[in-house]
Structure formats: structure tokens, C-alpha cells
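These are my notebook entries on what I looked up, written in the order in which I went through the model.

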Amino acid sequence: MSVDIQDLHQQWVGAECGSSSYDVNTDRLLAFANACGETDPRFIDPEDAEFQSTPGFTTIIVSGQGSEALPKDFPQFKGRSIDGGKSVEIHHPIRPGDTLTGKQTIADIYEKTGRSGKMVFVVHRTEFTNQDDQPVTTVDWRWITNLVED
Amino acid sequence: MTILDLHSHSIKSDDGRAKVENYCQWIQKKELPLDGIVLTEHRQFDATSDYRDLEDRFGIAIMKASEVETDYGHVLVFGVNEDLVNEFDFARIDNSLATVLAAAQRCGAVAAPCHPGRVNVGLFAHYATKGPVPGVKLVEVYNGGSRPGEDEFSETEAAKYNYLGFGGSDSHIVSRIGYCATRFDDDITDITDLVAALKSERFEAVSFRS
Amino acid sequence: MRYSDVELGDELPTENPDVSMARIIQFVELTGWKFPRFTDHEFARAEGLPGAIVPGIMSQGLLAAMIHRWAPGCRIKKLDTVFRTPMVVDSQPVCSAAVTDCDDDTNTVELDITVVTEEGATSVLGTALVQFG
């Protein structure tokens with residue numbers, strides 16, 4: 001049985017998904033930068049005065065959670081889910097030794113049809129702050145599924 | 001004569017990333033051969049945005065329309081009015097194509113399937129399994145987001161069903177505006193002119209893809 | 001590259017990023033994602049994909065790296081990418097970008113960013129906001 005999208009939207013948009021904590025270290029920053037083909041010393045040279053994370057670094061924290069990023073009791077999905085896109089807004093540099101906290105919410109739910117047929121989009125938002133409570137990034141993750149309740 | 005991009009999206013569409021002013025700047029800077037654009041936002045009609053100031057500043061006609069979703073694929077609707085928005089739910093993804101076509105005709109608008117040549121989800125893919133739908137008169141044969149072969153398939157099938165063909169970029173980012181467009185014999189300055197021109201059938205699809 | 005060097009309509013030098021299997025394995029080892037759709041062509045095809053696919057956020061990272069090479073020292077303030085079509089591992093995609101707006105008050109430019117597959121399909125499209133100075 002398919003899920004009613006308006007019910008889903010009404011019930012879940014604004015819901016909090018909990019928070020996560022993440023310790024930033026040089027090795028992880030370097031590994032991500034190198035894997036993405038970065039050549040700017042700010043991102044690949046730990047001796048650089050401005051050494052920091054690349055802009056998309058916090059998206060891997062979000063993506064790594066998979067469906068665990070969703071609230072408990074969120075309808076289960078069947079079939080394959082795919083990543084529909086990410087936006088990241090950078091407020092403050094992230095440096096080695098930072099401890100990040102990510103506050104997660106469901107920002108939007110909608111359905112549309114496209115080349116893959118009918119799709120349900122769940123927009124999951126994570127607002128990251130550092131150990132000084134400074135906002136560092138906001139990540140929106142558009143997670144696509146053909147949502148069918150068990 | 002007027003050349004219009006009949007299919008584009010702004011930030012009002014969920015997957016649109018283009019601000020309308022930036023479209024205008026780009027058209028001007030790149031000296032694109034466009035007299036205007038039509039914003040066809042997904043699953044809605046944007047009744048509130050007012051682009052007259054941009055039209056005056058840039059000398060580009062900016063019209064508003066919609067891209068709705070049906071059981072035969074996506075459909076562009078030109079000439080949306082208050083009567084038409086009450087005829088069916090623009091936000092639904094399962095509208096009946098027949099319903100959309102009939103409602104458009106009743107309300108003085110024009111509804112035309114877009115990217116009909118898309119594999120599995122375009123109008124002609126649905127025709128292959130469900131048969132044609134009466135009332136279709138024109139389809140988008142040139143779409144700026146088409147993959148190789150899709151526009152050619154659209155043209156062939158459109159000819160088979162005697163549908164007229166138009167063009168649009170389907171741009172979701174600024175730099176894709178004007179990839180495809182439609183050349184009209186008539187002068188068109190607003191949506192009323194456009195609807196009349198589409199009904200007059202004096203136009204052809206053009207591609208400016210490099 | 002300084003803000004005063006940038007003009008509306010400028011197109012960044014295109015890039016052909018390394019999306020070889022070796023590079024993807026490097027990426028997934030970092031993230032800990034043990035999804036064979038990224039590293040096994042046969043498995044991915046069995047899932048209905050055209051082959052093993054490049055993770056979307058890696059494509060976003062490739063675009064950021066391209067922007068940093070175009071304007072060393074610039075600060076990317078926002079990256080917004082829509083993932084449309086899978087990009088196949090070991091293929092030859094093309095990364096492109098163009099300047100679509102310039103803000104003299106904040107020395108910020110907006111870019112369209114895209115990745116197009118070797119078959120000519122748009123895999124990723126979006127925008128970036130980049131600050132100079």
C-alpha cells in the first residue's frame with residue numbers, strides 16, 4: 001500500500017531526528033580532500049596556516065548515516081533509495097580537533113515523477129555546530145525513495 | 001517574428017536553481033537570440049511573482065505557465081487562469097492527461113506534452129502500451145535536457161500522429177536557457193498573445209545547442 | 001584570480017575528473033560505505049544501474065576542487081547540487097562551470113556547475129556561491 005504523501009508531510013515535516021557528534025581529525029580531512037582531487041594547499045597541506053575541511057566534508061557525515069538519519073517510526077521503504085542531491089552552506093571553517101554536533105530535522109517531503117518514475121523526496125536537514133557552539137555548516141540531503149509501507 | 005524559450009524553471013521549482021534576473025542577465029550578456037522566456041514551474045502556477053520590472057529593464061518578455069504531471073507524462077500548460085486552477089490539482093502527480101487537455105480547452109488555455117520522447121516516462125512511451133489520447137495537438141519535440149536520440153524520436157512520433165512541434169530548454173540552471181526554443185511568425189509580448197499563437201499553429205521548434 | 005578579473009558569462013576551464021575504480025575505492029574506504037553499487041560493476045547492473053556509480057557527494061567534491069583551481073584562495077560559501085543521472089565509475093565525465101551573477105557589494109560570484117557524462121547526459125547540476133578577497 002502506498003503512503004499518502006500529504007499525510008506524510010503533515011506528520012513528519014519539522015520532526016527532529018536527533019543529533020550526532022563527530023570528532024574531526026587531520027587524517028579524515030586529508031583523505032576526503034585527496035579523494036575529491038583537491039590540489040589547494042588549504043585542504044591538503046596540514047602545515048598550511050589555513051588548513052581546513054573542504055566545503056563538502058560534512059555531507060559525508062550525513063550520508064554515512066543512511067536511513068538511520070530518519071526519525072524512529074518513519075515509514076519503512078521497499079526497494080532502492082538513492083541520493084537526489086545535497087546542498088551545503090558553509091558558515092565557518094572546520095579544522096582538526098573540532099567536535100561537531102549535528103542537529104537533524106525533516107525539512108520537507110514531496111513527490112514527483114521523473115525519468116525513474118514516481119519518487120518520494122525526503123529533505124533531511126543537518127545543522128552542524130562546533131565545540132564553541134558556532135554554526136559551521138548546514139546540509140540539506142534530498143533522499144529519494146519509492147516509499148511503500150510494509 | 002518572435003523566438004521564445006517555452007520551457008524553463010526558476011528557484012520556484014523544487015529542482016530549479018536559476019533566479020529569473022540571472023536568466024535575463026545571461027540572455028543579454030550572451031546575446032542569445034531570444035525575445036522572451038516562459039517559466040513553467042513544476043506542479044504549480046506561480047500567481048504571485050511579478051516580473052514586469054525585469055521585462056522593462058532587460059527588454060525580455062517573461063511569461064508564466066506550468067508543468068504538470070499526468071498518467072501520460074509531463075505536460076506544459078500555457079494560459080493558466082483562475083478557472084483552470086480550480087479544474088484539477090496542479091500539485092498531483094497522477095492527473096489524467098485527458099482531464100488536463102479538456103480542462104485547458106474549456107478554460108481557454110493550451111496544454112501540450114513535454115519531452116514526449118523520454119524513455120519509459122514520455123508521452124510516446126505511454127502510447128506504446130496504452131494507445132494515443134485524443135485532444136493532443138502539439139508536443140515539445142526539442143527539449144534542452146534530452147539525451148541523444150530522444151528529440152529525434154519525438155519528431156518522428158509527432159509526425160506520425162500529426163502533432164505540431166515546439167521547443168524549450170527545460171533549463172533548471174541559468175546557463176541552459178535558450179538551448180532550444182520556438183520561433184513564431186507572430187509578434188508575441190504576453191501570455192495572451194502566446195496562447196493565440198500556439199492555437200494559430202504558425203511556429204516551429206528551433207535548437208541552439210552547440 | 002581576483003574578483004575584478006571575473007565577468008558575468010565567464011566559463012571556467014572544464015575538467016575531466018578521475019572517477020576510476022581506484023579513486024572510488026579510495027573514497028568509499030574513507031567513508032566506510034560498503035555498498036557494492038559503488039565498487040562492483042556487475043552488482044550495480046543487477047540493481048538496474050548502468051554500472052558501478054560514483055557517489056554523489058564525491059561529484060560535489062570534484063566540482064569544489066575545480067572551483068578552487070580556478071580561483072585559488074576563494075571561499076565557497078554554498079554548494080547546491082542535484083544528482084540526476086548516475087555517473088559510471090571508469091567513465092569520462094566532464095565538469096563545467098560558468099559565472100551567472102556577480103555581487104560587487106560582497107565580492108561574491110554565483111556559478112552554474114554541471115557534470116555531464118560521456119554519453120552527453122547531465123549527471124549533476126547546481127550552483128555554487130564563491131567569495132573573493
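I first noted how elements are named: helices (H or I, at least four residues) and strands (E, at least two) are DSSP runs, numbered from the N terminus. The model is predicted, and local features need pLDDT of at least 70, side-chain atom pairs count only at pLDDT 80 or more, while totals for chains, interfaces and linings use all residues. Residues are numbered from 1 along each chain as its sequence is written, and chains are lettered from A and ligands numbered from 1 in the order in which they are written.

**Entry 1: two asparagines**

I looked up Asn107(C), which is found in the loop between β2 and β3 (108-116) of chain C, and its phi is positive, about 50°, although it is not a glycine. For surroundings I used this rule: a residue is buried if 20 or more other C-beta atoms, placed from the backbone, lie within 10 Å of its own, exposed if 12 or fewer, and partly exposed in between. Asn107(C) has 16 other C-beta atoms within 10 Å, so it is partly exposed.

I then turned to Asn120(B), in the loop between β5 (110-113) and α5 (123-130) of chain B, where phi is near 70°, again a positive value in a residue other than glycine. Asn120(B) is exposed because it has 12 other C-beta atoms within 10 Å.

**Entry 2: chain B as a whole**

I found seven helices and nine strands in chain B. Its radius of gyration (taken over C-alpha atoms) is 16 Å, close to the 17 Å that the globule rule (2.2 Å times the number of residues to the power 0.38) gives for 210 residues, so chain B is as compact as a globular protein of that length. Of the 210 residues in chain B, 54% are buried.

**Entry 3: where chain A meets chain C**

I counted two residues as in contact if their C-beta atoms, placed from the backbone, lie within 7 Å. Chain A brings 24 residues to its contact with chain C, and chain C brings 29 residues. On the side of chain A that touches chain C, β2(A) gives the most, with eight residues.

Which strand of chain C is joined to β2(A) by bridges? I found that β1(C) is joined to β2(A) by five bridges and that the two run antiparallel; strands pair if DSSP finds at least two bridges between them. Glu89(A) has Lys78(C) in β1(C) as its bridge partner.

**Entry 4: where chain B meets chain C**

This contact takes 14 residues from chain B and 15 residues from chain C. β4(C) gives the most to the side of chain C that touches chain B, with four residues.
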